[in-house]
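Me: I have a structure to go through, and I would like to know what each label rests on. Please set the values against the definitions.

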Amino acid sequence: MKDIMNKEVDDRKEDAIVTEKQLLPVQLNVNGKQYILHLEPWTSLLDALREHLGLTGTKKGCDHGQCGACTILIDGKRINSCLTFAVMYQGVPITTIEGLAQGDKLHPLQQAFIKHDAFQCGYCTPGQICSAQGMLNEGHAYSRDDIHELMSGNLCRCAAYNNIVKAIEEVIETGQTPDAV
Amino acid sequence: MNRFTYTKANSIDDTLREVNADHDIKFIAGGTNLIDLMRANVEHPSHLVDINHIDLHAIQETAEGGLSLGALVKNADTAYHEHVQSRYPLLAKAILAGASPQLRNMATNGGNLLQRTRCYYFYDTATPCNKRVPGQGCSAINGFNKIHSILGTSAHCIATHPSDMCVALAALEARIKVIGNDGERVIPFAEFHRLPGDTPHIDSTLKPGELITSIELPSKGFETHYQYIKLRDRRSYAFALVSVAVGLELQDDYIQEARIALGGVAHKPWRDETVENFLNGKKAAEDAFETAAEMMMKDAKGFRYNNFKIEMAKRAIVRALVDARDLKTPEPLHCYTYNRHQQQ
């Protein structure tokens, strides 16, 4: 059995396919900065951000795409960073919660979340805020019902939902949405 | 998760060459189901081919007057596409009833077709499952089977197909274009997914190594009278217990053509042409709808915890038919973003 497995690995080398011992180089463009990493192909984008780049604002909740704590923006669109591999994002603009504030000036959604007390423990909050920014970028939220439905990919174990919706509504109503991030 | 090797394919030729080199490969596009299954140790490919860079990202009109949906177009981009919204609102509504906005931004059209059941025994490697390991036995038949099938089951498997999108595609009679090393072929939607029989580990008629290139929608979109109803344990972001896609073509009060497809009740999106033929030519009235619902559930069989689905499906079928008949089109865009029928 071992011989067969080794042979398969050897065949791969002949085909110039990476073996499992090799790390793959990938250039990640996160919050406007370029990072060159050498990653195992099974490293999730979430783990690359947290473990390799030290960007721990993005949270690991369920690691199954069910809770939304790991939500980030890819080219302005929100995704679950736990359900994808970092090597698939060569050169694609990525925005995490760390990229929303401008220096010491909070992003309007961050400010509104504080004002409306839109969190308790705060663990889901970076995902909630990135998801809300993604929803604003997508442009399909016209009513409170729409916000409820289009934010349903983000669970809040503390059930701060009412205030989360109020915070987002305020940002929409006051038109403070910054340019698409 | 098992370790694997990874390459990026830039073309269909690249992709199919990889199939020759190694038969233990998987194509990865959105990855939202595959990666989850790899984490659960249900799928363990030795090699992944990233197909995201192949040129299958277009939605375009076809010579036959229909619409071709590229296999790699994201579910969200498909649902919000101008032509899908105006000509195939049933499809848009079904897609937007599924998953979450994040997942719809990741998941592709081809991948949606190939997602695997969410039967909890299939996911739990500590329990026997014929779909995961052929011959092991089915834990669901005598287990906790609330989410399981009531139609087309076998003694080997009572899993359901989890997609919403596919229920609409079944009603619309889409066709699936695929390519493999033996060439291209087109699979009618009704023949794409299969019933479990004694080989429940095989979900579809796609052959190993074949790649879905597009979903072809015929010109008829039932854009005037349609409805997608999805019933689930919570109002959003949950798989269907029962879902119904309906398309009606009406003339005055009479049905010219009816399409009904069900989700959450079988190993594939469930259609029954005898029911549709019964409705064709009938007055679009509740008594005919109720008879149709009874006919459609004639052979339904519960497995204890899912017995409720039979009555639930009947009522959902009637409601979807009534809604479709009475629909004032076009619906405003925001109607697609939540279950309109639950707001009334």
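Me: Why is F144(B) called partly exposed?

Reply: Partly exposed lies between buried, under 20% relative accessible area, and exposed, over 50% (1.4 Å probe, protein chains only). F144(B) has 40% relative accessibility, so F144(B) counts as partly exposed. The model is predicted: local features need pLDDT of at least 70, side-chain atom pairs count only at pLDDT 80 or more, and totals for chains, interfaces and linings use all residues. Residues are numbered from 1 along each chain as its sequence is written, chains are lettered from A and ligands numbered from 1 in the order in which they are written, and side-chain values use heavy atoms, without hydrogens and water.

Me: Where does F144(B) lie?

Reply: F144(B) is in the loop between α8 (120-123) and α9 (165-172) of chain B. Helices are DSSP runs of H or I with at least four residues, numbered from the N terminus. R132(B) is in the loop between α8 and α9 too.

Me: What makes R132(B) a residue without a salt bridge?

Reply: A salt bridge needs a side-chain nitrogen of Lys or Arg within 4 Å of a carboxyl oxygen of Asp or Glu. For R132(B), which is buried, the nearest side chain of opposite charge is D124(B), 6.0 Å away. Arg counts as positive and Asp as negative.

Me: What does the side chain of R132(B) reach at 2.7 Å?

Reply: The side chain of R132(B) reaches the backbone oxygen of F122(B). A polar contact is a pair of N or O atoms within 3.5 Å; within protein, one must be able to donate a hydrogen and the other to accept it, and residues adjacent in sequence count only if both atoms are side-chain atoms.

Me: Which residues is R132(B) in contact with, leaving aside neighbours within four places in sequence?

Reply: They include V42(B), Y121(B) and T127(B). Contact means heavy atoms within 4.5 Å.

Notes. Helices (H or I, at least four residues) and strands (E, at least two) are DSSP runs, numbered from the N terminus.
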